[in-house]
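Here is a short report on one chain. Please look over the sequence and the model before reading on.

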Amino acid sequence: MSAAGAPEYDPDAEFVYDYQTLRIGGLTFVAVIMILSVLLLASNKIRRCGKPRVSVLISDNGIQIR
């Protein structure tokens, strides 16, 4: 390790992790999933906005729809 705390680059290593790109990719993935989940949860309320709910009442005389 260098004096700054960052690992030194080893050209003979088989694989070197690029932690900065991995971190940015992970954060981007999480942000997209969160936005899609909020849209999915809100879509049901948006779709029913302004539409009255249909309630079905069952009585002795038959079925009534309000």
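## The record and the segment

UniProt positions are given in the numbering used here, and annotations may be inferred rather than shown by experiment. The model itself is predicted.

The UniProt annotation "transmembrane region" covers residues 24-43. That annotation comes from an unreviewed entry. In the model, residues 24-43 are 100% helix and 0% strand. The end C-alpha atoms of this stretch lie 28 Å apart.

## Fold and confidence

The chain holds 1 helix and 2 strands. From the N terminus, the order is α-β-β. Helix α1 spans residues 19-47.

Mean pLDDT for the chain is 76. Of its residues, 56% reach 70 or more. Among the elements, α1 has the highest mean pLDDT, 90. Strand β2 (residues 62-65) has the lowest, 58. Where pLDDT is low, the predicted coordinates should not be read in detail.

## Surface

The chain has 66 residues, and 0% of them count as buried. Its accessible surface comes to about 6,800 Å². Carbon and sulfur atoms account for 65% of that surface.

A nonpolar patch sits on the surface, formed by Phe15, Tyr17, Tyr19 and Leu22. Together these residues have about 550 Å² of accessible area. Phe15 lies in the segment before α1. Is Phe15 buried or exposed? Its relative accessible area is 60%, so Phe15 counts as exposed; the cut-off for exposed is over 50%.

Terms used:
Residues are numbered from 1 along each chain as its sequence is written. This is a predicted model: local features need pLDDT of at least 70, side-chain atom pairs count only at pLDDT 80 or more; totals for chains, interfaces and linings use all residues. Side-chain values use heavy atoms; hydrogens and water are left out. Helices (H or I, at least four residues) and strands (E, at least two) are DSSP runs, numbered from the N terminus. Buried means under 20% relative accessible area, exposed over 50%, partly exposed in between (1.4 Å probe, protein chains only). Accessible areas come from the Shrake-Rupley method with a 1.4 Å probe; for residues, only the protein chains shown count as cover. Patches are made of residues with over 30% relative accessible area and no salt bridge: like charges are joined within 9 Å, nonpolar side chains (Val, Leu, Ile, Met, Phe, Trp, Tyr) within 5 Å. A salt bridge is a side-chain nitrogen of Lys or Arg within 4 Å of a carboxyl oxygen of Asp or Glu. pLDDT is the predictor's confidence in each residue, from 0 to 100.
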